[in-house]
Amino acid sequence: MHFKTKKIAMLGVLAALAYLSVVLINIPVVSVDFLKYEPKDVIIALGGFMFGPVSAALLSVVVSLVEMVTISSTGPIGCVMNILSTWGFACVAAMVYKRVHTLKGAVVGLAAGCVATTALMLLWNYLITPLYMGLTREAVAAMLVPVFLPYNLLKCAMNAALTMLIYKPLVNALRRANLLESSGTGAAGTRNMGIILTSLLVVATCVLAVLALRGVI
């Protein structure tokens, strides 16, 4: 029961942090300004890795609903899109990691989450974006490859890299504070360094790609 209380409290903190990340960090990625990057999915994916895919799903719904009634201008349709996007990334990654609770499982899960989110959002942007953006379906179809595809790929790659950078130090700190149960597993230092360097490379590549797409470089 004591652990359940800690889990509920930590999920509440993660939900608050995810919401604040949307409020404070909105970075345009492509030429369409309503497609912006915020690190909400990173925080929800961390929750999914720590507590499972159901917790990630609940975090996604709670944060998206609060976002809808406070800062969003897209109403229920935008809320549904946010939930679908986060489910595709965080829940898929958490499901894989729950079954294969290793470094390889985390990497494969995040990669699967990137693929799932990109495919889902291409489909749902085609179906739903015309309903709330005032665009024809033909106009949205013409934007799928040059706009929505790079946006979702860059967003997911950034989220995956940041999740890998943050997860292990965060979990270790929480275990030392007795806020999270120990799993009894760990990766070797050289493997951790490899993940850190690879993740930093992915982040740097994504930043340069965004700057290129925005015409800055």
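Trainee: Which helix gives the largest share of the lining of the largest pocket?
Mentor: Keep in mind that this is a predicted model, where local features need pLDDT of at least 70, side-chain atom pairs count only at pLDDT 80 or more, and totals for chains, interfaces and linings use all residues. On a 1 Å grid over the protein atoms alone, a pocket is an open set of points with protein on both sides within 12 Å along at least five of seven lines, unlike a cavity, where a 1.4 Å probe fits but cannot get out; lining residues have an atom within 4 Å of a point. Helices (H or I, at least four residues) and strands (E, at least two) are DSSP runs, numbered from the N terminus. Five lining residues, the largest share, come from H4.

Trainee: How much space lies in the largest pocket?
Mentor: Residues are numbered from 1 along each chain as its sequence is written, and side-chain values use heavy atoms, with hydrogens and water left out. Grid points are joined across faces, edges and corners, and the volume is the space filled by probe spheres set on the points. For the largest pocket, that comes to about 650 Å³.

Trainee: Which residues lie closest to the centre of the largest pocket?
Mentor: Helices H2, H4, H5 and H6 each supply at least two residues of the lining. Of the 26 lining residues, the closest to the centre are Phe 34, Lys 36, Glu 38, Glu 67 and Asn 82.

Trainee: How many residues of the lining of the largest pocket are charged?
Mentor: In this grouping, Ala, Val, Leu, Ile, Met, Phe, Trp, Tyr, Cys and Pro are nonpolar, Asp, Glu, Lys and Arg are charged, and the others, Gly among them, are polar. The lining has nine nonpolar and ten polar residues, and the charged ones number seven.

Trainee: Which residue forms a salt bridge with Glu 38?
Mentor: A salt bridge is a side-chain nitrogen of Lys or Arg within 4 Å of a carboxyl oxygen of Asp or Glu, and a search of the whole structure finds two. One of them joins Glu 38 to a residue whose closest N or O atom is 4.0 Å away. Glu 38 sits in the loop between strand E2 and H2 while its partner is in H6, so the pair ties together parts 117 residues apart in sequence. That partner is Lys 155.

Trainee: Is Lys 155 buried or exposed?
Mentor: Buried means under 20% relative accessible area, exposed over 50%, and partly exposed in between (1.4 Å probe, protein chains only). Glu 38 has 9% and so falls in the buried class. Lys 155, at 9% too, counts as buried.

Trainee: How far apart are N and O in the salt bridge of Lys 40 and Glu 67?
Mentor: Lys 40 belongs to helix H2 and Glu 67 to helix H3, and the pair links parts of the chain 27 residues apart. Both residues are buried. From N to O, the distance is 3.4 Å.

Trainee: Which elements do the buried residues of H3 pack against?
Mentor: The buried residues of H3 include Leu 59, Val 63 and Glu 67. Packing here rests on contact, meaning heavy atoms within 4.5 Å. The partners of these buried residues are H1, H2 and H4.

Trainee: What is the relative accessible area of Glu 181?
Mentor: Glu 181 lies in the loop between H6 and H7. Beyond four places in sequence, it touches Phe 3 and Arg 175. Glu 181 is exposed, and its relative accessible area is 52%.
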